[in-house]
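Please find below a short note for a colleague who has not seen this structure before. The points follow in numbered order.

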Amino acid sequence: MSLRTIVDLLRRVLAPGESLSERAVTSGVWVTITNVLDRFLQLVIVLFVARIIGPDDYGVMALALVVMSGLTQLSRLGIDAALIQREEANVDAYLDTAWMMQNARGVVVAAILFLVAPFMASPAVFDQPELTPVLRVLALSPLLSGLQNPGLLYLKKDLRFDKQFFYTISGTVFYVLVALGVAFVTQSVWALVFGLVASDFIRLIASYLVDDYRPWPRFDLDHARELFGYGKWIFASGVVLFLIMEGDDAFVGWYLGAAVVGFYQLGYRVSNAPATEVTQTISSVVFPTYAKMQNDERQLRDGFFKTVQLTTFVSFPVAVGIAAVAPTFVNTFLTEEWGPMVPLIQLLAAWGLLRSLGATTGPLFQAIGRPEIATKIQFGKLVIIALLIYPATARYGAVGTALVIVGNSLFFSEPVSTYLAVRIVDGSYAKLLGLIAYPAVASAVMGLAVVGVHTAGIATGVLEFCLLVLVGVGVYTVCVVVFEAFSGYDSIRLCRRMAETMVS
């Protein structure tokens, strides 16, 4: 195959198509490329810096991100989701108002972050004096984000994730370059702090390069009320979601100290990275796609089940594989002082799997104009966590915290959300369970094989890590091929049809 042939093939695969299905498939490719590259670069630099500075200093950054994320989520207005959900293609009339609201939010968050920094660093909260200057520098981040072009929402609304790739990766590249340079000079947590601010600055510039809309300081009260009418549930969901997603980090940092929260948060980033990419890919592509088919029940049902099938086909083996290789990964790529992170990675990998499954339902609820469903489920989840997190952490440490988070998703939130989603699309629960069963069994067999090779001690270090990954991929592939040959499971054929759609 000549170089020109390959270039032509890539151009056809990555160019946005005309039909909704073609654009959805192509967008999925772009989002996957974006998320995988973005997370890979971020994870590499975070592991590099974590190896240099150790759990205590990394824990300071973890606590700073918890505080910043809390203020960001507590001020989330849901404007983008409200405009993406609207059926009309052009929403320019709302963008200036949206931009003004976005800027006001950024100023408020930055001011609060700057002012509360000493209190958060005090013995009354986290007892980390280094936290004050870190939080005050990070206050630049919401200011920069607020100034971004509101026209960015068209990238998702119109499924133009080829442009989203440039916007996202440009910031990530500068994050890596700045963090790497500062890490060599200071060998401190400031590498991650300056890297994050630099990435937000570059994305501010990129936002005006990828879309030609130019905002102007105009405010329409009626438009603001309309946007908030939908966005209030996104706001409420954001508040609850923060308490669920970041509340455990804050509690661990307050109760067990910065070093332990360093273990806990880095363990989360390692264990959830691939599953999170599946989640973000689905949310980014499926929500606007569902929104365009919200009035076609059959199309919505078929789209939902195909999404579940593809999600579980990828996320189940990834999560099980991460849990199986965790000891080798930590021993190979980090230092001995990070050893306590291994059981946390293994537990939180299960949470990543469950989150990726839940990512198929949230976009559905938003697309049909029912975001309150997800908010109510998340509130129930929050109540359970609030009741159990203290006794579990007091008895088992950070492992107890992780058990509460995983158990909550396993026995409450994901079963409830999938049950309601199947009802909404008027689907079959038996079909849903069947789609989940095949990758679950194949992943279990794969996990046993990987653990067996690790126990045998055939190799060590990087060589062992590579061997375990190859064994996992090989065993899972064989299991899936066997299932497809003797049952109705057809994920490989579905992927092949998607590839043919892109190429054609």
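1. By the rule that a side-chain nitrogen of Lys or Arg must lie within 4 Å of a carboxyl oxygen of Asp or Glu, the count comes to two salt bridges. The model is a predicted one, where local features need pLDDT of at least 70, side-chain atom pairs count only at pLDDT 80 or more, and totals for chains, interfaces and linings use all residues. Residues are numbered from 1 along each chain as its sequence is written, and side-chain values use heavy atoms, with hydrogens and water left out.

2. Helices here are DSSP runs (H or I, at least four residues), numbered from the N terminus. Asp-38 has a relative accessible area of 7% and is therefore buried, the cut-offs being under 20% for buried, over 50% for exposed and partly exposed in between (1.4 Å probe, protein chains only). Arg-203 is buried as well, at 15%.

3. The other salt bridge is between the side chains of Asp-96 and Arg-218, at 2.5 Å from N to O. Asp-96 is buried, with a relative accessible area of 5%, whereas Arg-218 is partly exposed at 49%.

4. Phe-166, Phe-201, Ile-205 and Leu-209 make a nonpolar surface patch of about 410 Å². Such a patch joins nonpolar side chains (Val, Leu, Ile, Met, Phe, Trp, Tyr) within 5 Å, from residues with over 30% relative accessible area and no salt bridge; areas come from the Shrake-Rupley method with a 1.4 Å probe, and for residues only the protein chains shown count as cover. Helix α9 (residues 190–210) gives the largest share of the patch, three residues. Phe-166 is found in helix α8 (residues 161–186). Phe-166 counts as partly exposed because its relative accessibility is 42%.

5. Gln-187, in the loop between α8 and α9, has a positive phi of about 50 degrees although it is not a glycine. Asp-426, in the loop between α17 (398–424) and α18, is likewise not a glycine and has a positive phi of about 55 degrees. Gln-187 is exposed at 53% relative accessible area, and Asp-426 is exposed at 51%.

6. Helix α18 (residues 429–456) packs with helix α19 (residues 461–486) at an angle of about 150 degrees, and their axes are 8 Å apart. Axes are lines fitted to C-alpha atoms over the stretch in contact, and angles run from 0 to 180 degrees between N-to-C directions. Residues making the contact (heavy atoms within 4.5 Å) include Tyr-438, Val-445 and Val-453 of α18 and Leu-467, Val-475 and Phe-483 of α19.

7. What does Leu-432 touch, not counting residues up to four places away in sequence? Leu-432 lies in helix α18, and its partners on that count are Phe-305, Val-308, Thr-418 and Val-422. The C-alpha atoms of Leu-432 and Val-422 are separated by 8.1 Å, the two residues being 10 apart along the chain. With 6% relative accessibility, Leu-432 counts as buried.

Terms used
Patch = residues over 30% accessible without salt bridge, like charges linked within 9 Å, V, L, I, M, F, W, Y side chains within 5 Å. Helix = DSSP H or I, 4+ residues; strand = E, 2+ residues; numbered from the N terminus.
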